[in-house]
Amino acid sequence: MSARDERFMSLALMLGRRGQGRTWPNPAVGCVIVRKNRIVGRGWTADGGRPHAETQALAQAGDAARGATAYVTLEPCAHHGQTPPCAEALVAAGVARVVAPMADSDPRVAGEGFAILQKAGIKVTTGVLADEAARDLDGFLLRTEHGRPHLTLKLASSFDGRIATATGESQWITGPEARRHAHALRARHDAVMVGAGTARADDPTLTVRDLGIIRQPARIVVSRRLDLPMMSRLARTARDVPVWLCHGPDADPALSEAWKGIGATLISCALTGRQLDLRSVLQELGAKGLTRVFCEGGSGLAASLLAADLVDELVGYSAGLTIGAEGLPAIGALGLSRLSDAPRFELAECRQLGPDILHRWIRA
């Protein structure tokens, strides 16, 4: 692996991240085309998943792509869908070499893209920044391999881990810098998810604000019985920004029809005992094409997701105030008796945001 390959692949990965939260059900891929050590084309997967990154980069490069090296953050697709295969487009453009971190786990590709390139005499190099690419594309890989999206659990809490006072007051524990950062993270996910209790107590909009015109994430509420206020801000805007309600098979049919009538999407999920089976919830979301879900609580949903080992990333915003034991904890009861049973994560990032601290953790 040469330093040159790493440098251009790093740029391709940066471009791919621009599409996070905007390209589902397709992966957020980046592509850089280099000829004689000069970038002649670059692109990333467009909103909605097409055009693909390679198509965009080849269009920019034009005739300069002939004899060039294409750096792509995932194996070029090999199947005919709404657009022709990117592997065939690279062959037609006359590129001499393709560099990619890894194969595509989508069974429609799974090595076929590389095979098309090699059959045409194009040199293929793999493994360049593979770990970094796997992190960026974790949601797509999880969906294609395990049927569920990547789940990020976000918690904004006091120093002592409380998200509200005993009376329910929670605005605002963290400062504007942390809240703006959280909106930026919302924008990098396909959907924002909360539990029914949070939806009732906070009446949230769950939209991305103050970041310009963007493709808004879907808004998901996990509510077994659909006992949610019909005059909420989510209900009033269901035709403007998608609202998905994950409910149990025993939900009131009249409530189901009422929510459908105002534009919400209803998703029936299995039960485990008296609770929604969160593995079923994520499998249903994966089946709808979601690759990255941003969960913003509440404490019961957070605890259930952790207990089910469904959290891939933790994002915490900690403020320099204390609320005390009577406040609402950020995470509900986990029923642990031994530390060895506690979910553990590895620190990936820690920095100051205004008066608060951001700490980000990934699955060990």
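## Cavities, ring pairs and a helix

Q: How many cavities of 30 Å³ or more does a search of the whole structure find?
A: Three cavities of that size turn up. Keep in mind that this is a predicted model.

Q: How much space is in the largest cavity?
A: About 90 Å³.

Q: Which residues are closest to its centre?
A: P27, A28, D136, T291 and R292. They belong to a lining of 15 residues.

Q: Which helix gives the largest share of that lining?
A: Helix α6, residues 138-146. It supplies three residues.

Q: And the lining of the largest cavity by class?
A: Seven polar, four nonpolar and four charged residues.

Q: What volume does the second largest cavity have?
A: About 60 Å³. Its lining is A199, R200, D203, V221, L228, P229, S232, L234 and W259. Six of these count as nonpolar, one as polar and two as charged.

Q: Switching to rings. How many aromatic pairs are there?
A: Two. In one, the ring centres of F8 and Y71 are 5.5 Å apart. Their planes meet at 40°, so this pair is tilted.

Q: Where do F8 and Y71 sit in the chain?
A: F8 is in helix α1 (residues 3-17) and Y71 is in strand β3 (residues 69-72). The pair links distant parts of the chain, 63 residues apart.

Q: Is F8 buried or exposed?
A: Buried, with a relative accessible area of 3%. Y71 is buried too, at 0%.

Q: What about the rings of W24 and W244?
A: Their centres are 6.0 Å apart. The planes stand at 85°, so the pair is edge-to-face. W24 lies in the loop between α1 and β1, and W244 lies in strand β10 (residues 243-247), so the contact ties together parts 220 residues apart in sequence.

Q: Are W24 and W244 buried or exposed?
A: W24 counts as buried at 15% relative accessibility. W244 counts as buried at 9%.

Q: Which ring does R7 lie over?
A: The ring of F8. R7 is 4.4 Å from the ring centre. Elsewhere, the charged end of R18 sits over the ring of W44, 4.6 Å from its centre.

Q: Last topic, helix α11. Which of its residues are buried?
A: L278, S280, V281, L282, L285 and G286. The helix spans residues 278-287.

Q: What happens at the start of α11?
A: A side-chain oxygen of D277 comes within 2.9 Å of the backbone nitrogen of R279.

Q: And just after α11?
A: G289 has a positive phi of about 100°.

Technical notes: Residues are numbered from 1 along each chain as its sequence is written. This is a predicted model: local features need pLDDT of at least 70, side-chain atom pairs count only at pLDDT 80 or more; totals for chains, interfaces and linings use all residues. Side-chain values use heavy atoms; hydrogens and water are left out. Buried means under 20% relative accessible area, exposed over 50%, partly exposed in between (1.4 Å probe, protein chains only). Helices (H or I, at least four residues) and strands (E, at least two) are DSSP runs, numbered from the N terminus. A polar contact is a pair of N or O atoms within 3.5 Å; within protein, one must be able to donate a hydrogen and the other to accept it, and residues adjacent in sequence count only if both atoms are side-chain atoms. Rings of Phe, Tyr and Trp (its six-membered ring) pair if their centres lie within 6.5 Å; planes under 30 degrees apart count as stacked, over 60 as edge-to-face and the rest as tilted. A charge sits over a ring if NZ of Lys or CZ of Arg is within 6 Å of the ring centre and within 35 degrees of the ring normal. On a 1 Å grid over the protein atoms alone, a cavity is a set of points where a 1.4 Å probe fits but cannot get out, and a pocket is an open set with protein on both sides within 12 Å along at least five of seven lines; lining residues have an atom within 4 Å of a point. Grid points are joined across faces, edges and corners, and a volume is the space filled by probe spheres set on the points. Ala, Val, Leu, Ile, Met, Phe, Trp, Tyr, Cys and Pro count as nonpolar, Asp, Glu, Lys and Arg as charged, and the others, Gly among them, as polar.
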